[in-house]
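The following note sets out points for discussion on the model shown below.

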Amino acid sequence: MTIKVSVRNLVEFILRDGDIDNRYAGAREDAMQEGSRIHRMIQKRMGIEYEAEVPLKFHVDCGNYVIDIEGRADGIIRRNDLVVVDEIKGTYRDLKYITAPVPVHLAQAKCYAYFIACAEDLDAVDVRMTYCNMDTEEIKYFQDKYPREQLQEFFDHLMREYRKWADFEYEWKQVRRASIRNLLFPFAYREGQKELAGHVYQTICHKKKLFIQAPTGVGKTISTVYPALKAIGEDKAEKIFYLTAKTITRTVAEDTFALLQKNGLRCKSLTLTAKEKICPLEETDCDPEHCPYAKGHYARVNDAIYELLTEEDVFDRSIITEIALKHEVCPFEMSLDMSLFSDAIICDYNYLFDPYVHLKRFFAEGVKGPYLFLIDEAHNLVERGREMYSAQMVKEDFLELKKLLKPHHTGLEKYIDRCNKELLALKKQCDENDIPEMTGGFALALTRLHGAMNTYLEEHEDCPVRKEILDFYFQAGRYLDVNERIDENYITYTKLQEDGSFCIRQFCVDPSKRLGECMNQGIATMLFSATFLPIRYYKQLLGGTDEDFEVYAKTAFAPDQMKLLIGRDVTSRYTRRNEMEYRNIASYIHSVVSGKCGNYMVFCPSHQFLDRVYEAYLTYFYDPEKVECIVQSDHMNEEAREQFLSRFRETPQDVPSDLSEKICMEIEVESKCVVGFCVLGGIFSEGIDLKGEALIGAVIVGTGLPQVCRERDILQEYFEKQGKDGFDYAYRYPGMNKVLQAAGRVIRTVDDRGVIALLDDRFLLASYKKMFPREWEHPESVSLEHCQHSVEAFWRNMDISSL
């Protein structure tokens, strides 16, 4: 049996010590520390004696198992009998403050030196630490010769410290493998479910990506998790990353693993919680002077990890917090460490895809690992990817910073002025040309400001406005990072915003390349969603290739569970927005609700549109004796959201069975319809699970087209140049996804019945019908006059079929 560990993870885990201190760390440092431009620049400067990016492996035989230690030396120099291991680190610190190599950096290089000494039977190897300032490209070297005996003593110490962790991993893998071998699928397979699980397993075997259109009712979570676990049991992979966009899908994943664990699975599962939510302090401030859990964290955290690892299989927020506080360590940082020992990690997309918060324990070096990525609600990843890989700076922020710094005489003002001057020149061009060809002047000025801020922060730890400078420093760093990655997938544009401010934005119009690079760090990836249509669109923008697979999973739901209506005489087009149109839409809502008393949601294209429709409904159709109306408001907090949803959950099936008959009799007389007015694409149109009578209908007004804006127009222009239908890519496909998500709230189980009314004549066009899922086999086109009749007929048929 083989246990694999990277050199970086080994030295960082065993040798770390001291405090967590985020006063000096930052997004840009983490993102760039391991390489790219600076590495390539230094490597190209070297002669033919310099070998770059050398993969190295070393095996340690522990009797029952072998530890494989892998890494990649930045460079190896060979001059006659001299062999030098070169380890390159980029930094934004002024090099005068680096007086010795960082211990973990040096330890990494010494491991490589030992591997080479053993492989080539060398008596000694030189280690050179190369530090390069990312702004100035100034370089500082530290070089020493290490006899082989000294390197061996150092490495043997590492192995002794690591041995108890490796012993545990060996024993645990035996337990895990045996449990997976005997693990059965926990349900009788629904139609198409076994076939879907087979597709997942085959994709893992072929080491590809699988794009799954998974209608509600398929059981996509269990159908992807189960075959992934089986693959781990056969040593085809080591870890599952279950990546989600929302908390509710995280909960479904947790429940799935819990069910399998109840059925005999032995699996260490971890749920990563955002730092702000798991932090035990009122204010998240990772400063050892203010946080007792940051002070001395690294000296205590391994004991906390070992206790949790040996006593629990499920690492959720509550147990991590409990053990962390017991050992006085940071719960968030401890949870990140637990990922090293977890078989399944349930987390947000960011932990794989965002270069500033990804799990550097696995993804910092950009190499492939034995990982399986299961990406839930993957339709969200297009816009999330665009946002993660884009960056912008606002001119007015520079002026605010200058004003803030003026009393403190920081010396940064002249650098701010240069940035402002460059932005002013771009602003003057904005009306005529908002996609400037030359923005290098601003990037250069920002680079100089960034470097000056770094020096100031090094020299002034007690500055009263340090936090504000640091926040701006990180923002500028992110912009400069994106600037390094600009290619044909980016458009840099400028705009005057609604509040009058001016910004320059580096917009990642096509995130497929960067998303694909992230997914290529694993063995195989399953991307699934109930609204993955058209699947070719998502496959292209999510980094799929022609060699990757796609499948439309079969649903267990019957077509007659749902009535799909298309209102052919109303629309949300701007040219038709008037009082009569709002009244007609309100009349449709009244017709649907009148068909059967129950709970309904109405989805409108915007808050403003919602207000007008709601006003028309109250004016012409509202009966307070029969209907209760609730409205989604702007900026609802978690408590307000839960109160809104609770009105849909207060149904007879939620009460004890001995009371249900009495309550049902009372409700027959006294119950009201609940009509929730919501925004299409908002917090209630995706990720909520209202089963049974909790929701029996949805009225969707309009085609969901995103609001016309410059960024959408840029998308349209970009994809038209690629030979695609730009309007589809920028507007129609994203809009239809919102419609499909809202419609998906109605039928959640095989026992659900419901009505979906699409109120816009555009849904009758072929360009929209081609995007309908297969389950929408027989939509009925209705007029305002006949809508209620169709709804009542559907419910009569449902009542007859239930007899």
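Which residue in S23 is the bridge partner of Val-699? The answer is given in point 2, after a word on the source.

1. Basis of the note. The model is predicted, so that local features need pLDDT of at least 70 and side-chain atom pairs count only at pLDDT 80 or more, whereas totals for chains, interfaces and linings use all residues. Residues are numbered from 1 along each chain as its sequence is written, and side-chain values use heavy atoms, with hydrogens and water left out. Helices (H or I, at least four residues) and strands (E, at least two) are DSSP runs, numbered from the N terminus.

2. Within it, S22 (residues 697–701) and S23 (residues 754–759) run parallel and are joined by five bridges. The bridge partner of Val-699 in S23 is Ala-757.

3. Axes here are lines fitted to C-alpha atoms, for helices over the stretch in contact, and angles run from 0 to 180 degrees between N-to-C directions. Contact means heavy atoms within 4.5 Å.

4. Helix H24. The buried residues of H24 are Phe-644, Leu-645 and Phe-648, buried meaning under 20% relative accessible area (1.4 Å probe, protein chains only). They cover an arc of only 90 degrees around the axis, which puts them on the same side of H24; the arc is that of the directions from the helix axis to the C-beta atoms. Among the elements that cover these buried residues are S19 (599–604), S20 (627–631) and S21 (673–679). At the start of H24, the backbone nitrogen of Glu-639 has a side-chain oxygen of Asn-637 within 3.2 Å.

5. The eight-stranded sheet. A second open sheet, of eight strands, has the order S10-S9-S11-S8-S12-S16-S7-S17, with parallel pairing. S10 (314–315) and S17 (549–552) stand at the edges with a single partner strand each, so one side of each is left without a neighbour in the sheet. S12 (residues 371–375) pairs with S16 (residues 524–529) in the parallel sense over four bridges, and Ile-375 has Leu-527 as its bridge partner in S16. Helix H7 (residues 220–233) lies across S7 (209–213), S8, S12 and S16, at about 160 degrees to S8.

6. Strand S11. Is S11 enclosed or open to the outside? Five of the five residues of S11 (residues 344–348) are buried, so this strand is largely enclosed by the rest of the structure. S8 (residues 239–244) runs parallel to S11 and is joined to it by five bridges, with Thr-244 opposite Asp-348. S9 (residues 269–271) is also parallel to S11, over three bridges, and Thr-271 stands opposite Ile-346.

7. Residue Gln-741. This residue is found in H27 (residues 726–743) and counts as buried at 3% relative accessibility. Not counting residues up to four places away in sequence, Gln-741 touches Glu-377, His-379, Ser-529, Thr-531, Ser-685 and Glu-686.

Terms used:
Buried < 20%, exposed > 50% of the residue type's maximum accessible area, 1.4 Å probe, protein only. Polar contact = N/O pair within 3.5 Å; in protein donor to acceptor, adjacent residues only side chain to side chain. Pairing = 2+ DSSP bridges.
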